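Me: I'd like to go through the contacts in this one and ask what backs up each label. Can you take them one at a time?

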Amino acid sequence: MAKHHISTTINGEPVEFLCSTEQTMLDVLRDELHLTGTKEGCATGDCGACSITVDGRLVCSCLMLGVEAEGHSVETIEGMADGDQLHPLQQKFLEYAALQCGICTPGFLIASKALLERNPDPTEEEARYWLAGNLCRCTGYDKIIRAVLDTAADMRGAS
Amino acid sequence: MAPDGTPALKVVGTRPIRPDGVDKVTGRAQFGADFQLPGQLVGKVLRSPHAHARIRSIDISKAEAVPGVKAVMTAADMPEITSEEAFVGEGPADFKDMSGNTMARDKALYDGHAVAAVAATSAAAADAALAAIVVDYEVLPHVIEVEDAMVEGAPILHDDMFTSGVDPKPTKPSNVAKRMVFQLGDVDAAFEKADIVIERKYKTAPVHQGYIEPHACVAQYAADGQVQIYCSSQGQFMVRAYVAKLLGIDISEIRVTPLEIGGGFGGKTLVYLEPLAVVLSRKSGRPVKMAMTREEVFRGSGPTSGGTVWVKIGAKRDGTIIAGDAVLKFQAGAYAGSPVGPGCMTAFAVYDLQDVRITGYDVVTNRPKVAAYRAPGAPISNFGIESAVDELARELGMDPVELRLKNAAKKGTKAAYGPTFGDIGCVETLEAVKNHPNYQASLGPNQGRGVASGFWFNIGGESSATVNINEDGTAVVATGNPDIGGSRASMAMMAAEVLGIEVERVRPIVADTSSVGYCFLTGGSRVTFATGMAVVEASKSVVNELKARAAKIWDIPVEAVEWQDGEAVPAGSNAGDFEPLSLEDIAAKSGRTGGPIASTSSLNAQGAGPGFGTHVVDVEVDRETGHVKVLRYLATQDAGRAIHPSYVEGQIQGGAVQGIGWALNEEYIYDDKGRLENPGFLDYRIPVASDLPMIDTVVVEVPNPRHPYGARGVGEVPIVPPMAAMANAIQDAIGIRLTELPMSPPKVRKAVDEQAAAEE
């Protein structure tokens, strides 16, 4: 079957791609566009490693079809830093050692950014529930939660 | 200077940002599935739907005819391997079994066992080819549970397996691969003198390591026979050795490039896909990329054992434990080699006992062959022993920390498995618990507190490191151990400490198998200890060379040069005669003083310091739902010396939380046909952020005298105590002793209902 021609915006840049009907957005990002910062941990929406935002909404890219990106604005981990200027969450994850192997980290950063955009002052419990869809097997979440809460405090102070 | 007279450390013990950090927060780091080669094919595996079946025949002709399919393989494309022991880091294995586990030959031994593989130009073509392979199975009776596999008349997995370690030698095949006994003193006589005896049987479920990154690799077999493999694993040299052995290829023909590893915890100390990808590449003439789905990870890669633990302990009225006896039965999965050995050896290791005996059985069942999982075997035996010790404390009316302090292993204690302990920190971890506010926090209704201690050996082993000084006075440190949790940071820090420069001026890399000397795999909590030692040695010889170059420049004897804070300084009678020469100065002049400055160290590190930890957890049990909420968690551990304290804390926190998952939720669920019913993260539930509180840590430091900075391995100890600590806390909360893992809501609820019925 002929492939679909999709026009979309990824990390602020206009992007066109061809994809087959059954290809997920995760497959398109990784296999067609070579944006491999978005990870596959399960392909069933359970682990959050493939988290992206679409028009600002947090989604698992493994549960979205590539064709659904038509006309929308997608943000991935590759667009989070501004050139060599890390996003405050990225910087804080490093300072807090909030990653060990690093495979879940892009998904956690995308999800955490979406949290702080909605709720600049989350409680620990709110952060834990918002991030409950992102699995990390290395850290026990302690340093991740601390990094997110401390980033929120810094960003409130800066604004 | 530190109080003990040794020079104060400037880098070790600080918390710099890890050198690979920016790559990992920006998505730039390349993990196993992120790598690709031009023209690569997609490789996929056909897996047995049966728990136990004879493979009568496999017809691949239709699959080969599918458009886009470039290669189809079965076990017939791999050499038959004779039995030969393969040491895989933390447990024994056999190359013949490893080959059979990679691709079933005559029998499929578990649901998910690989039986064929294909390579095609697209995933869709590969899927179509898998569907077109015809396997003629003769389904055989199967056995899942360890004790069922041990009874007379159980379905036998291997006709040629006769139990070793029993006298007389058995004449009939058995699922029991091995029986082993570790003992010290006279246990039966010691029990005669006991005032109190606790005896009970416990059971644990098999659990998966649950790394978030599925196994993945790319392999290329070139026309000249040279093999390139790019993969994430716990050891590129391990992959090289195993692929060479399983496929009959010379080591010299294989180069393995390590990609970033997205978690392993022991589960990536083996090969699954790599040999298949190499065969498919050889048959197709194209590079082949293979990646497991999450379902394949659960069905086809190794979890750790489930097992039963029978425990008997005897004590005097004053709390002195005088006798310990245990029988461990571990299921190994489809091939021999459960971690029952280390399960036995660690069983009573936190206690100073004269009379102790541990008997272990290694038992095959129709499940995926187990792989190492963080302190392999120890968490299973520890769950039984530390639950029983808690029961003893209750019987005696003693505080569980005081009881452990009274009996704790210390310097001079002879362990049941042989060695006499040197400098260890078991007592220190218990004292740290006693002095922590968590241990005094007040508890409400249905809340309880549980304590458990744990032990892991830690290992050293073969490691290599190369230190190169760049022309600008920076350094590159190359080692051969995949960085699974921040080890690049500790390698750079130890090199910076010796060289006397800022850690940012040291660039650590994880090199491929052709670019650095041999390193045993990342496992056994060995890298910071053993590979760190190689880094320190190589850095020291670089410093010696730097001093020699300075001596040459100054034209004074090398003995008259000292290295201080990254500078050569004239000393002795020449003190003050010359301006100090910095590392940059010497590096800039290296071309004129003898050429590039570099050094390599290869060693076999001995003296890994044993690790001890004590955990305390507070829980609240919901009697209505059976849900157990973790209120507070404290883990104390002896790290010897924390090179980078944040990553030491991280190891402790992560290990503790894996243990909480093991305690409360994780298990393999099989249907009556032996098929795994929960091969996904929805139904195999690992802990999520909302399940947990912060994990408090106290790192105590009893230096390991055998490491230049006193480091001990830290990665494995923290998964040992949590299961018993949780069971002990539940007992404290609701007065019910749970003896089976996981202590999931249905089980807790059932126990509460039974308690209520009994009280009526």
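This is a predicted model: local features need pLDDT of at least 70, side-chain atom pairs count only at pLDDT 80 or more; totals for chains, interfaces and linings use all residues.

Me: What makes Arg30(A) and Asp34(B) a salt bridge?

Reply: The closest N and O atoms of Arg30(A) and Asp34(B) are 2.7 Å apart. The rule asks for a side-chain nitrogen of Lys or Arg within 4 Å of a carboxyl oxygen of Asp or Glu, so the pair qualifies. The count between chain B and chain A is four salt bridges.

Me: How many residue pairs are in polar contact across that interface?

Reply: The rule finds 21 between chain B and chain A, counting pairs with both residues at pLDDT 80 or more. On the chain B side, H18(B) (645-664) gives the largest share, nine residues.

Me: How do you know how much area chain B and chain A bury?

Reply: It's the accessible area the two parts lose on being put together, summed over both. Here that comes to about 3,900 Å², with 59% on carbon and sulfur atoms. Val25(B), Ile212(B) and Met694(B) supply 19% of what chain B buries against chain A, more than any other three residues.

Me: And inside chain A, what makes domain 1 and domain 2 touching parts?

Reply: Contact means heavy atoms within 4.5 Å, and 15 residues from domain 1 of chain A and 13 from domain 2 of chain A take part. The two domains bury about 1,100 Å² between them. There are zero salt bridges between them, but five residue pairs are in polar contact, both residues at pLDDT 80 or more.

Technical notes: Residues are numbered from 1 along each chain as its sequence is written. Chains are lettered from A and ligands numbered from 1 in the order in which they are written. Side-chain values use heavy atoms; hydrogens and water are left out. Buried area is the accessible area (1.4 Å probe) that two parts lose on being put together, summed over both. A polar contact is a pair of N or O atoms within 3.5 Å; within protein, one must be able to donate a hydrogen and the other to accept it, and residues adjacent in sequence count only if both atoms are side-chain atoms. Helices (H or I, at least four residues) and strands (E, at least two) are DSSP runs, numbered from the N terminus.
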